[in-house]
Amino acid sequence: MLAQIVLFDGFDLLDALAPYEVLWAGGDIAGGALQVELVSFEGAREVPSTPTGMLVKATGRIDLERADLLILPGAAGSLGGSGPGSIPALLANAVGTGLSDVLEQALAKPGLTVGTVCGGSMLLGMAGLLKGRRATTNHAALEALKDTGADVIAARIVDDGNLVTAAGVTSGLDLGVYLLERMVGPRVAHGVEALFQFERRGTVWRAQGHEALAW
C-alpha cells in the first residue's frame with residue numbers, strides 16, 4: 001500500500017510530518033506493508049512550509065493510480081484577514097493551483113482514502129468538495145467549515161468512509177495511528193503507539209450504532 005502526503009506552498013509543517021512519521025514507522029514494523037511519500041501537485045520540488053519557512057522536499061507528483069491514501073495538511077498563519085500569510089490566503093492559493101481537481105478525482109476513486117489534518121479539510125471545503133460530507137477541523141474554523149456545506153462534527157477524528165478528517169494540528173498523530181489500524185491492522189497501530197510512547201486520544205466518530213441524543 002502507498003500513502004502520499006500532499007505538500008503545497010505554506011503547508012503546516014507538523015500537519016504533514018506527524019502523520020508521515022507515524023505511517024512510515026507503521027510500514028516499517030509491518031515489513032514494508034505501507035510505503036509513504038511526500039508529494040506535490042507540481043511534482044518533485046522543495047516546498048516552503050509554515051510557520052518556519054522550512055523547505056521540505058516533495059519527491060514526486062500526486063499519483064492517484066498508485067496511491068491508496070492521500071493526506072492533506074492545513075496551513076499555519078493568521079486566521080483573519082486576507083494578507084498573503086493568512087491561512088485563508090494560503091489555502092486559496094493551493095486550491096488555485098489545480099490541486100482541487102486532483103482532490104475531486106481522489107474522492108471519486110474507489111479504494112482510495114483521503115485524510116486531512118487541521119485546515120486540510122478547509123482546503124477541501126473551499127474547493128467545494130465537502131458538501132454533505134461529515135468532517136472536522138481545528139476548533140477555531142468549525143463554523144467556517146460548516147459554511148462550505150460540510151456536516152461538521154466536533155470530534156478529534158471523523159471517519160466518513162473514504163474521507164477521514166482530523167481536528168487540530170496535534171491530531172495528525174492520532175490520524176496516523178487510526179489509519180494504520182484501519183489499513184494495516186490494530187497490532188501494527190499498537191506497536192507504533194508503544195514505539196512513540198503515545199496513545200491515540202478520543203473516540204473516532206463514525207455514523208454507526210445508536211444516535212447520541214442531546215442531554
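Predicted model: local features only at pLDDT ≥ 70, side-chain atom pairs only at ≥ 80, totals over all residues.
Colleague: Is G96 buried or exposed?
Modeller: The relative accessibility of G96 is 63%. A residue counts as exposed when the value is over 50%. G96 therefore counts as exposed.

Colleague: What distance separates the C-alpha atoms of G96 and A127?
Modeller: Along the chain, G96 and A127 are 31 residues apart.

Colleague: How many helices and strands does the protein have?
Modeller: Helix α2, which holds G96, is one of the helices. Strand β8, at residues 113-117, is one of the strands. In total the protein has 6 helices and 13 strands.

Colleague: What is the radius of gyration of the protein?
Modeller: For 215 residues the globule rule gives 17 Å. The value for this protein is close to that, so the protein is as compact as a globular protein of that length. Its radius of gyration is 16 Å.

Colleague: What percentage of the residues of the protein count as buried?
Modeller: To count as buried, a residue needs a relative accessible area under 20%. The percentage is taken over the 215 residues of the protein. It comes to 53%.

Colleague: Is T113 buried or exposed?
Modeller: T113 is found in strand β8. Its relative accessibility is 10%, and the cut-off for buried is under 20%. T113 therefore counts as buried.

Colleague: Which side chain does the side chain of T113 join in a polar contact of 3.0 Å?
Modeller: Leaving aside neighbours within four places in sequence, T113 is in contact with D68, L69, L70, N162, V164 and R182. The polar contact of 3.0 Å is between side chains, and the partner of T113 in it is R182.

Colleague: What is the relative accessibility of D174?
Modeller: D174 is found in helix α5, residues 171-183. Beyond its neighbours within four places in sequence, D174 is in contact with R156, I157, F198, E199, R200 and R201. D174 counts as buried, because its relative accessibility is 0%.

Colleague: Which residues does the cis peptide bond with omega of about 5° join?
Modeller: Most peptide bonds are trans. The bond with omega of about 5° is cis. One of its residues, P51, lies in the loop between β4 (45-50) and β5 (55-58). The cis bond joins T50 and P51.

Colleague: What is the phi of C118?
Modeller: Most residues other than glycine have a negative phi. C118 is a residue other than glycine, yet its phi is positive. C118 is found in the loop between β8 and α3 (120-126), and it is buried, with a relative accessible area of 9%. Its phi is near 55°.

Colleague: Is Q197 buried or exposed?
Modeller: Q197 is found in the loop between α6 (186-196) and β13 (205-206). Its phi is also positive, near 50°. The relative accessibility of Q197 is 78%, so Q197 counts as exposed.

Technical notes. Residues numbered from 1 in each chain as written. Heavy atoms only, no water. Helix = DSSP H or I, 4+ residues; strand = E, 2+ residues; numbered from the N terminus. Rg over C-alpha atoms; globule rule 2.2 N^0.38 Å. Buried < 20%, exposed > 50% of the residue type's maximum accessible area, 1.4 Å probe, protein only. Polar contact = N/O pair within 3.5 Å; in protein donor to acceptor, adjacent residues only side chain to side chain. Contact = heavy atoms within 4.5 Å.
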